[in-house]
Structure formats: structure tokens, C-alpha cells
Amino acid sequence: MGSIRLKGVRFTAYTMDHEPRHLHCFYAEIEVIADLRFDGKVSLADRTDAIRLCNASTSDVRHILTTAALHFDELVILWEKHHG
């Protein structure tokens, strides 16, 4: 497992995790699963539990995804370090 903290968000790549390339992002009591797409964009994972705290604020989710987009290259390196 590897983690990096950026702008108050902890981005975690789990070693035994699955494709597609994604990170678990923790901020303000919520967890968001964000995909690191091969077109260079970040998106909310296409799964029912992509936001884990049903009442998470839109601004918190936006903060997580915006921070991930700003640090895309660093986050891809984190994923690849743990998945080859």
C-alpha cells in the first residue's frame, strides 16, 4: 500500500487492488474512489460505492477530484509503483 497527502486529501493505492487504475481518496470523513483515466483525466469511479458517505458534500467531492486532476502525474506514479 502506498499513500500521498495533497491539499488535505490522502490518496491511497492498495497493492492487491484491481483495474481500472484508481485510488481511494480520503477527506473530511468521506472516501471517494477516483479513476485515473488513460486520457489524462480523473473521474469518479463508475460504481455504486464510489462515494462512501452518502451525505458527502458536493464541494468536498469536487475538492478531491480537482486535487487529483492537479496532481495527476504524481498519482499515476503512485499507482504504477504498486501495480507495475
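Q: What is the order of the elements in the chain?
A: In this predicted model, the elements run β-β-β-β-β-β-α-α from the N terminus.

Q: How do you know that the radius of gyration agrees with that of a compact globule?
A: A compact globule of 84 residues would have a radius of gyration near 12 Å, and the chain has 12 Å, so the value agrees with the rule. The C-alpha atoms fill a box of roughly 35 × 25 × 25 Å along the principal axes.

Q: What share of the 84 residues counts as buried?
A: The share is 44% of the residues of the chain. The chain exposes about 5000 Å², of which carbon and sulfur atoms supply 55%.

Q: Which residues have the most contacts inside the largest nonpolar core?
A: They are Phe11, Leu23, Cys25, Val32, Leu36, Val42 and Leu75, in a core of 21 residues. At least two core residues come from each of β2 (9-13), β3 (22-27), β4 (30-36), α1 (58-70) and α2 (72-83). The largest share, five residues, is that of α2. Cys25 touches, among others, Val9, Phe11, Ile30, Val32 and Ile64, with residues up to four places away in sequence not counted.

Q: Why is Ile33 called buried?
A: Buried means under 20% relative accessible area. Ile33 has a relative accessible area of 0% and is therefore buried.
A: Ser43 has 17% relative accessibility, and the cut-off for buried is under 20%. Ser43 therefore counts as buried. Its place is in strand β5 (residues 42-44). Leaving aside neighbours within four places in sequence, Ser43 is in contact with Ile33, Ala34, Asp35, Arg37 and Leu65.

Q: What makes Glu31 and Arg52 a salt bridge?
A: The criterion is a side-chain nitrogen of Lys or Arg within 4 Å of a carboxyl oxygen of Asp or Glu. The closest N and O atoms of Glu31 and Arg52 are 3.2 Å apart, and the pair meets that criterion. Glu31 lies in strand β4 and Arg52 in strand β6 (residues 51-52), so the pair ties together parts that are 21 residues apart in sequence.

Q: Is Glu31 buried or partly exposed, and which class applies to Arg52?
A: Glu31 is buried, because its relative accessible area is 11% and the limit is 20%. Arg52, at 32%, counts as partly exposed, as values between 20% and 50% do.

Q: Which residues are linked with Glu31 in a network of salt bridges?
A: The network links Glu31, Arg47, Asp49 and Arg52. Within it, the side chains of Arg52 and Asp49 meet at 2.7 Å, N to O. Asp49 counts as partly exposed at 28% relative accessibility.

Q: How do you know that Arg37 and Asp39 form a salt bridge?
A: Their side chains meet at 2.4 Å, N to O, against a cut-off of 4 Å. Arg37 counts as partly exposed at 35% relative accessibility, and Asp39 counts as partly exposed at 46%. The structure holds five salt bridges.

Key
Residues are numbered from 1 along each chain as its sequence is written. This is a predicted model: local features need pLDDT of at least 70, side-chain atom pairs count only at pLDDT 80 or more; totals for chains, interfaces and linings use all residues. Side-chain values use heavy atoms; hydrogens and water are left out. A nonpolar core is a set of buried Ala, Val, Leu, Ile, Met, Phe, Trp, Tyr and Cys residues joined through side-chain atoms within 4.5 Å. Buried means under 20% relative accessible area, exposed over 50%, partly exposed in between (1.4 Å probe, protein chains only). Helices (H or I, at least four residues) and strands (E, at least two) are DSSP runs, numbered from the N terminus. Contact means heavy atoms within 4.5 Å. The radius of gyration is taken over C-alpha atoms; the globule rule is 2.2 Å times the number of residues to the power 0.38. Accessible areas come from the Shrake-Rupley method with a 1.4 Å probe; for residues, only the protein chains shown count as cover.
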